[in-house]
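The sequence and the coordinates are shown first.

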Amino acid sequence: MTITNTELKQMNKLNIGSNFHQGGDIFIENDSTLIKATTEDIHKNVDYLTKIPDHKNVIKPLEEVQILNEDNNKKYETAYRMQFLNNAKTLVSLYKLDIPYEKKLKYAKDFFNGLKFLHQYLIVGDIHSKNLLVNDGNAYISDLDNFRKPKEIFTPIYCYYYLNALQSYGNNKYTDIIKMYIECLSLILEINFSKIILMYGYHEFYKIFTSYNLPDEVLRFFKVSKNKSNLKKLGEKAYDFERFINPEILELKRKLSYLEPGCPKNNNFQF
């Protein structure tokens, strides 16, 4: 598919504020499709993503779009068409809404279903609340542009936050699982844990979080998260979010609410 710069400029840009986040520029083509244009050369990534099977909880490129620059003023390196979820909201925008625990759990299961599928083909890496969408009762993983193939261990993935000292080179399917768990727990407790990790690092977050009387399932999971070999032993069970959670986790919201960035009590922390 080809499109001219003029045609692209005539399309409305998607509002990527609190309700959606994808990076690059995203244009609304019609009621069902978007065109994402990026200044980065990700042709190979887009080509790979279009060839993997579809999944009900994953938004991936439908096809690459070639932009014809009539004025020779090239702005974009790569563009592609993608599905448009007209009512989609980012996970972070749902934190303050009154959503029943059961529905939050359903969204978590959707996310882990999508992640388990993707891990057959790639490592996502950049998992955070603005790349996780909810639309009409279903949840989706989006923004896969910066993925890495499972065996490309020396290829970096630049992420919103990291879990270990290897930083961009330390991403694997196990760090994907931990990040997805953190994001789902953030939704349930309505606390932006990924922002806390960005501010203080995972090591400090781990020390604070596990210093409380957590349910055994949660404590065990976070302990495992610090040991890749132990997490690997979980195998398929690692994708079962419900295995590591229970409704009693809701009691933690009151205890941990001071961890939210911007809370005055944060000033008492010594890192």
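A polar contact is a pair of N or O atoms within 3.5 Å; within protein, one atom must be able to donate a hydrogen and the other to accept it, and residues adjacent in sequence count only if both atoms are side-chain atoms. The model is predicted, so that local features need pLDDT of at least 70 and side-chain atom pairs count only at pLDDT 80 or more, whereas totals for chains, interfaces and linings use all residues. Residues are numbered from 1 along each chain as its sequence is written, and side-chain values use heavy atoms, with hydrogens and water left out.

A polar contact of 3.0 Å links the side chain of Ser-194 to the side chain of Asn-192. Ser-194 belongs to helix H5, residues 193-200; helices (H or I, at least four residues) and strands (E, at least two) are DSSP runs, numbered from the N terminus. Ser-194 counts as buried because its relative accessibility is 1%; buried means under 20% relative accessible area, exposed over 50%, and partly exposed in between, with a 1.4 Å probe and protein chains only. Contact means heavy atoms within 4.5 Å. Leaving aside neighbours within four places in sequence, Ser-194 is in contact with Ser-129, Tyr-160, Tyr-161, Ile-182, Glu-183 and Ser-186.

Helix H4 (residues 173-189) packs against H5 at an angle of about 120°, and the two axes are 8 Å apart. Axes are lines fitted to C-alpha atoms, for helices over the stretch in contact, and angles run from 0 to 180 degrees between N-to-C directions. H4 and H5 are therefore oblique to each other, given that angles under 35 degrees count as roughly parallel, over 145 as roughly antiparallel, 65 to 115 as roughly perpendicular and the rest as oblique. On the H4 side the contact is made by Ile-182, Glu-183, Leu-185, Ser-186 and Leu-189, and on the H5 side by Phe-193, Ser-194 and Ile-197. These residues divide into 5 nonpolar, 2 polar and 1 charged; Ala, Val, Leu, Ile, Met, Phe, Trp, Tyr, Cys and Pro count as nonpolar, Asp, Glu, Lys and Arg as charged, and the others, Gly among them, as polar.

H4 also holds Thr-175, which counts as buried at 10% relative accessibility. A polar atom of the Thr-175 side chain lies 2.9 Å from the backbone oxygen of Asn-172. Not counting residues up to four places away in sequence, Thr-175 touches Leu-163, Asn-164 and Gly-170.

**The sheet of three strands**

An open sheet of 3 strands has the order S7-S8-S9, with antiparallel pairing; two strands pair if DSSP finds at least two bridges between them. Its edge strands are S7 (89-90) and S9 (138-141), each of which pairs on one side only. S7 and S8 are joined by 2 bridges, while 4 bridges join S8 (residues 132-135) to S9. The table lists bridge partners in the sheets.

| Residue | Partner | Strand of partner |
|---|---|---|
| Leu-133 | Tyr-140 | S9 |
| Val-134 | Ala-139 | S9 |

The hairpin of S8 and S9 has 2 residues between the strands, and Asp-136 takes a positive phi near 50° in it.

Helix H3 (residues 101-118) lies across S8 and S9 and runs at about 35° to S9. Asp-110 is in H3 and counts as buried at 7% relative accessibility. Asp-110 touches Asn-57, Gly-137, Asn-138 and Ala-139, not counting residues up to four places away in sequence. The C-alpha atoms of Asp-110 and Ile-141 are separated by 8.9 Å, and the two residues are 31 residues apart along the chain.

**The sheet of six strands**

A further open sheet has 6 strands in the order S1-S5-S6-S4-S3-S2, with mixed pairing. Strands S1 (2-4) and S2 (12-13) stand at the edges with a single partner strand each, so one side of each is left without a neighbour in the sheet. S4 (residues 33-38) and S6 (residues 78-83) run antiparallel and are joined by 6 bridges. Helix H2 (residues 43-51) packs on this sheet, touching S5 (61-68) and S6, and its direction makes about 145° with that of S5.
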